[in-house]
Structure formats: C-alpha cells, structure tokens
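Open your viewer and keep the selection tool at hand.

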Amino acid sequence: MGRIRILPDQVANKIAAGEVVERPASVVKELLENSLDAGARDLRIEIESGGRRLIRIVDDGCGMLRDDALLAFERHATSKLRDVKDLLSIATLGFRGEALPSIASVSRLLLETRSPEEPTGTRIDIAGGKMLVCEEAALGGGTSITVRDLFFNVPARRKFLRSEQTELAHIAALVTHYSLAHPDKSFRLIAGANELLTVTPVATLKERVYQVFGSQILDELVDIGLRERDLFLPPPSVPPSQAIAEYRSEPDEPPVRRFRLSGYFSRPQIQKGNRNSIFIFVNRRLIRDRLVMHALTSAYHNLMPPSAYPFALVFLECEPEEVDVNVHPSKTEVRFRHGSFVHDFVRDTIRERLMESRPAPTFSPAPTPARTPPAQPAAQLPYSEFSQMLENEAPVAAAIVDAAPEPADPGPAMPEFTLRATPPPVPRLDFSAPPIEVAPGPPPSGKLQTRRLDMHGEFPPEAIPAPEMSLSVLSDLRPLGQIHESFIIAAGRDGLWIVDQHVAHERILFEQVLKQRAAGRVETQRLLMPLILQLTPEQQIDYARIADELHASGFETEPFGNRTIAVKAAPAAVSAPDLERIVYEILEIADTELRGASLDDLRRNICASIACRAAIKINMRLDFAKMEWLLKALAATDCPMSCPHGRPIAMHYSTREILKAFHRI
Ligand code: ADP
Ligand code: MG
C-alpha cells in the first residue's frame with residue numbers, strides 16, 4: 001500500500017503556494033529536506049557548474065515504492081499530510097507535495113529509488129515535466145535524484161542565474177547549515193573535483209561545530225547548553241459544560257508546552273557588521289524570523305553597539321503545534337503561536353548565559369568567527385539565504401570577508417597609542433591534536449577556495465580549548481598603576497589586565513541606576529536654582545511623551561511656559577554642569593527610540609546616558625584606593641564584559657601569552 005496521496009483540494013488550497021524553484025540552491029534545499037524527511041543518515045550532494053549542469057542527491061532513506069515514485073511527480077502529492085488538521089502540526093520539513101513536480105518541470109530529472117519493501121527499484125526519467133522512461137531497476141536502498149540542465153526549457157529563468165561561484169556559495173552554505181542542524185548524520189558536498197564538506201556522524205552539536213568550523217571558533221563562542229522553559233496554557237475559554245466534555249474527549253492534551261533552546265553564540269567582543277552570521281533553527285528547520293532575531297539582538301542590548309551583530313547558531317525546539325511553517329512558499333518564515341513567550345525565552349536565556357559566562361576579551365583581538373579559517377571549505381561561504389550580500393555579482397572572496405566591524409565611537413580625544421605592542425601569538429592556544437591548518441586569509445582572486453583542507457577526523461575532546469578566562473577573577477586583581485591616566489593596569493592570578501576606567505565606571509553606574517530605577521528609588525538631588533531649558537517643537541513632543549520616564553529616572557521637570565521646561569531635581573550621580581547636555585541627549589534618544597524600540601530599551605538607554613555622563617573620565621589620575629574600588633565594583637556587576645554602549649571594558653593578557661611572547665614556552 002503506497003504512502004503518497006494527492007491532497008484533496010480543500011487542503012491544497014490552504015497551502016502557501018509559490019515558486020519553489022528559484023535557483024540551484026532551492027533545488028538542493030527541497031531535495032535535502034526530502035532526504036532528511038525520508039530518515040536518511042547519509043547524504044551525498046554532487047554539484048557541477050554551480051548546479052546548472054548537475055545536482056545529484058543520494059540518500060540512504062526509506063526510498064519509494066514503485067507506485068509512490070510515479071505519484072510523487074503529481075502536484076500536491078505527498079506522504080506527509082492527510083487533512084487540514086495535519087497542517088496545524090507539521091513535523092516534517094516538507095508538506096506541500098510540490099517540490100518534485102516543480103523541479104521536474106524545469107529540468108531533466110532522473111529518479112532512482114528503492115524501498116526495502118520491494119525486491120527491485122524504480123528508475124524514472126523526466127524531461128521538462130514529460131515522463132520519458134519508467135522502469136524497474138536493480139538498485140540498492142535509498143533514493144538518488146539527479147537534476148540536469150536546470151531551466152533548460154525556461155531561458156528567462158536561466159538568464160537570471162548568477163555566476164557559478166555565487167550559486168555554489170549558496171548551495172555550500174545551505175548544506176553547511178543543514179549539517180549543523182543534524183550532527184548525527186553524515187553529509188558530503190562535492191563540487192566538480194572538490195570536496196567542500198565532509199562530516200561524519202557525531203554525538204553533539206559541539207563536535208559538529210568543531211568539524212565544520214575548526215576549534216578556534218569554539219574558543220570564541222559561549223555554549224547555551226540546553227535550556228528549557230514551560231509555557232502554561234490557559235484553560236480553553238469555552239462554556240464550562242462544553243469544556244468538561246472537551247477535556248473528556250482529549251484527556252491527554254497537556255496543558256504545558258515545553259520550549260528548548262540550545263546552540264552557541266559569540267561573546268560581545270565578536271561584532272559583525274550584519275546579520276549574516278546569525279542562524280536560527282526551529283525544530284531543525286533553518287528559518288528567517290524577525291521575532292527571534294530581535295530577541296537575540298536585544299539580549300546583547302547595552303553589551304554591543306546597536307549597529308553590530310553577534311555570531312549565533314540557535315536551535316529552538318518546540319511542539320509542532322506551536323509554530324506555523326505554512327506561512328511562506330520557501331518555508332523559511334514561520335509564525336509562532338505564542339510569539340512573545342518565545343521572544344522572551346530566547347532573549348532571557350542568551351542574556352543569562354552571557355552573564356553567567358562573563359567572557360573576558362583577550363588581549364590580542366581574536367579573529368572573528370567568519371575570519372577564522374574554517375575546517376571545511378564550505379564553511380568559508382557564509383551565505384545566508386536571507387542576505388542580499390551575494391546577490392550582487394561581487395566575487396565570493398569579497399563576500400566572505402566579513403564587513404569590518406563598525407569602528408567604536410572614539411569618545412573624547414585620547415592619546416594615540418596602540419595596545420598591541422608585540423604581535424599576538426598565533427594561535428593563541430596550543431592544541432595537542434590534531435594540527436589545525438591555519439589557512440591563509442581569503443583567497444586573493446574571485447575564485448572559490450576549493451583546495452582540499454585537512455579534514456578533521458574523530459573529535460578529540462582535548463582539542464576543545466579550556467573555558468575562557470572569566471571576568472569573575474576581576475575581584476582578585478591588584479592595581480599596579482595607570483597608563484595615560486586612562487587605563488588601569490592590574491595583575492591577576494593569571495596574567496595582566498588592562499581596564500578602561502571610564503567604561504568600567506560607566507558599567508558600574510549603569511547597573512546601579514538601572515537597579516534603583518527598577519526598585520523605584522532613584523537617588524536624586526534638588527537643584528538650588530531650577531535649570532530652564534528651551535525646546536524645539538520636536539523636542540517638546542518628545543518631552544511630552546517621556547515626561548513620566550524622565551521622572552522615574554530621577555529628573556524632576558515641569559513645563560515652564562512656551563516650549564520651555566524647568567528641571568528642578570536630577571539623579572544624584574549627574575553633576576550640575578552635565579545636566580543640560582544629558583537632558584537634551586535623553587530627548588534625542590527618545591526621538592530615535594520611540595519610533596522602533598520598546599519602552600524597556602528606552603529606559604536602558606536613559607540609564608546608559610546618565611551613567612556615561614556621570615562616570616569618571618579618561619585622562620584622570622586615580623589613586624590606588626580608587627582603582628581598587630573600581631575593580632571590586634566592576635567585579636560585582638552583572639555584565640562586566642562591556643560598557644552599555646558595547647565597548648569592551650577589560651582586556652586580559654594571560655601568563656601563557658606573556659611566556660610565549662618572551663619565547664619561554
Ligand atoms: P513533500 O516533501 O512536500 O511531500 P515533494 O514533492 O518534495 O513533496 O515530495 C513528494 C513525496 O515524494 C514526498 O512526500 C515523499 O513521500 C516522496 N519523496 C521525495 N523525496 C524522497 C526521498 N529522498 N526518499 C523517500 N521519499 C521521497
Ligand atoms: Mg519535499
């Protein structure tokens with residue numbers, strides 16, 4: 001009895017229809033998803049000419065019965081859905097029954113498949129949607145689909161294809177992402193004579209990240225571990241009599257939904273110019289989702305400049321009923337049933353982990369993940385399906401070099417000098433095994449770097465670097481002095497620290513003000529004479545909007561005639577000469593923030609602004625007692641790693657690095 005059925009019209013009509021086959025990578029995506037849905041554990045992908053000439057995917061999945069193989073090329077033929085109800089809880093990657101017929105209509109397709117339930121396999125040959133051959137064939141188990149001459153019969157489409165390199169970059173990134181989502185499976189991506197990705201099954205995501213990117217990247221990342229949060233569903237709002245009946249009819253329905261989060265994200269010091277290094281998976285499906293993206297970036301709020309983004313691989317697991325994947329034809333967008341719960345879960349978890357791990361920036365700026373030579377050539381092509389970056393014909397080499405991080409706000413004039421007197425030792429940590437080939441930077445030409453890299457074999461646990469030096473050790477630091485009256489030099493249990501006194505104090509004050517604000521008792525001081533400020537019409541509107549917020553933050557203000565306000569009291573931390581500037585600054589924040597961000601963000605930004613103005617400045621001599629106090633107070637903060645604007649606070653130069661620099665080891 002076959003498994004595939006044609007969906008009834010009323011189901012087919014409810015499916016987000018659309019063009020599935022846009023480019024070679026979309027063919028690869030659909031075929032890979034089919035193989036994964038078929039339970040394959042071993043997937044091989046062969047590509048020629050960026051997928052124009054040939055795409056072949058060979059899997060060891062369940063294969064298809066003869067009748068099913070024929071049916072699979074009908075529109076809306078699927079084994080994954082039966083009725084409309086199934087659309088509410090989709091547990092497979094595919095569900096529309098559209099991919100195979102769509103691909104077959106724009107290419108020459110060869111399907112070879114055999115289910116273990118039948119003694120022989122089936123071979124079907126289709127060109128431009130017309131079936132040419134359907135025959136019995138002696139085949140092993142699993143399925144092989146070969147797609148040749150994509151768009152041979154749709155010249156308009158063919159014309160829109162990008163260069164072979166670009167198309168291949170899209171494919172390589174896609175396969176890499178799926179390989180990260182399925183560490184227990186083996187993936188091989190072969191393009192012409194080059195192996196771009198070869199990963200064998202491993203037990204954990206950590207090992208897969210190691211296989212794909214190499215060990216250096218793990219050094220830069222914080223492991224989420226496995227975090228869970230339960231959502232308690234309210235009882236159904238139906239009349240009591242009916243509710244009782246419903247409960248009886250569905251006694252197993254659990255009133256709790258469990259959400260799980262795992263994966264990796266980068267320390268705040270790793271700052272990317274765009275979102276391309278953020279990968280979000282929901283139930284192992286790579287998606288683009290503004291909600292989760294926002295949650296992620298708000299976890300870094302006040303730890304990273306607003307224009308910077310982290311590197312993240314985030315896996316959210318939930319019951320299929322909680323997420324609607326039938327929103328967009330390419331299945332990359334989803335809709336959560338309980339969006340704000342998901343948002344807060346992701347934001348809080350990442351923020352908590354950031355605080356727990358308190359990762360210290362290292363003295364020698366570590367290579368950012370995308371710059372780190374990855375273990376697998378395919379990983380060097382961080383195409384994000386969502387980015388337009390590769391859409392222009394820029395050579396791949398240019399695209400793989402991450403946009404340079406935004407230069408940090410230089411702040412007040414500073415004496416010019418460089419923190420890096422000696423070249424940083426490379427690599428920073430010594431791994432006993434296996435040798436990691438440090439590839440030279442991005443290839444000089446526009447060509448893909450396809451030379452065979454040293455593939456990692458089994459994962460040696462000892463190759464995982466020891467956890468990074470945590471900022472918790474700050475409490476043991478002994479100040480030695482200042483340089484340029486701006487940076488505190490301190491000796492610690494392991495090596496040397498340099499702490500930026502201004503941003504350190506800024507962080508201390510920021511958290512203090514935020515806590516006072518939350519507790520509703522901000523320390524204020526009354527001014528001897530009210531400060532009268534003139535406002536522009538725009539500022540007047542902003543003022544009206546945030547007057548309550550200003551008050552809660554410790555500013556006592558009131559309207560004073562036409563477009564004028566009187567400030568009567570201010571937070572104790574703010575000194576009188578700074579007051580005027582800070583009020584104008586807050587009005588400016590309000591102007592930009594109120595358009596997009598939440599009230600919470602506005603609040604944090606007001607606190608950040610107060611902290612910045614009130615903090616000790618650079619070019620200021622500090623005595624030892626002050627320095628000691630500053631380091632202790634910094635150690636006691638929740639986030640001692642970066643200032644509320646995202647600049648690093650403390651740099652660490654380990655004893656090991658010092659020994660290496662002096663050639664003692
Ligand atoms: P969908 O994945 O949405 O069901 P497709 O057109 O992609 O639709 O595939 C149609 C059907 O063909 C699938 O439901 C599945 O039963 C079968 N199929 C496709 N690819 C494979 C494969 N690699 N192994 C086993 N069965 C497959
Ligand atoms: Mg499919």
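Are α10 and α11 roughly parallel or roughly antiparallel to each other? Before you select them, some ground rules. This is a predicted model, where local features need pLDDT of at least 70, side-chain atom pairs count only at pLDDT 80 or more, and totals for chains, interfaces and linings use all residues. Residues are numbered from 1 along each chain as its sequence is written, chains are lettered from A and ligands numbered from 1 in the order in which they are written, and side-chain values use heavy atoms, with hydrogens and water left out.

**Stop 1: α10 and α11**

Select residues 290-299 for helix α10 and residues 339-357 for helix α11. Helices here are DSSP runs of H or I, at least four residues, numbered from the N terminus. The two pack at an angle of about 30 degrees, and their axes are 8 Å apart. Axes are lines fitted to C-alpha atoms over the stretch in contact, and angles run from 0 to 180 degrees between N-to-C directions. So α10 and α11 are roughly parallel to each other. Angles under 35 degrees count as roughly parallel, over 145 as roughly antiparallel, 65 to 115 as roughly perpendicular and the rest as oblique.

Now show side chains. In α10, the contact residues include L291, V292 and L296; in α11, they include V342, V346 and I350. Contact means heavy atoms within 4.5 Å.

**Stop 2: ligand 1**

Jump to ligand 1. There are 21 residues around it, and N34, T78, S79, K80 and G97 come nearest. A residue is counted here if one of its heavy atoms lies within 4 Å of the ligand.

Try the distance tool on polar contacts, which are pairs of N or O atoms within 3.5 Å. An oxygen atom of ligand 1 is 2.5 Å from an N or O atom in the side chain of T78. For the side chain of K80, the distance is 2.7 Å. F95 takes part through its backbone: a polar atom there is 3.0 Å from an oxygen atom of ligand 1.

**Stop 3: α13 and its partners**

Select α13, residues 501-519, with α17, residues 624-635. They pack at an angle of about 50 degrees, with axes 9 Å apart. That makes α13 oblique to α17. Look for Q501, A504, H505, R507 and I508 in α13, which meet W629, L630, A633 and L634 in α17.

Key: Polar contact = N/O pair within 3.5 Å; in protein donor to acceptor, adjacent residues only side chain to side chain.
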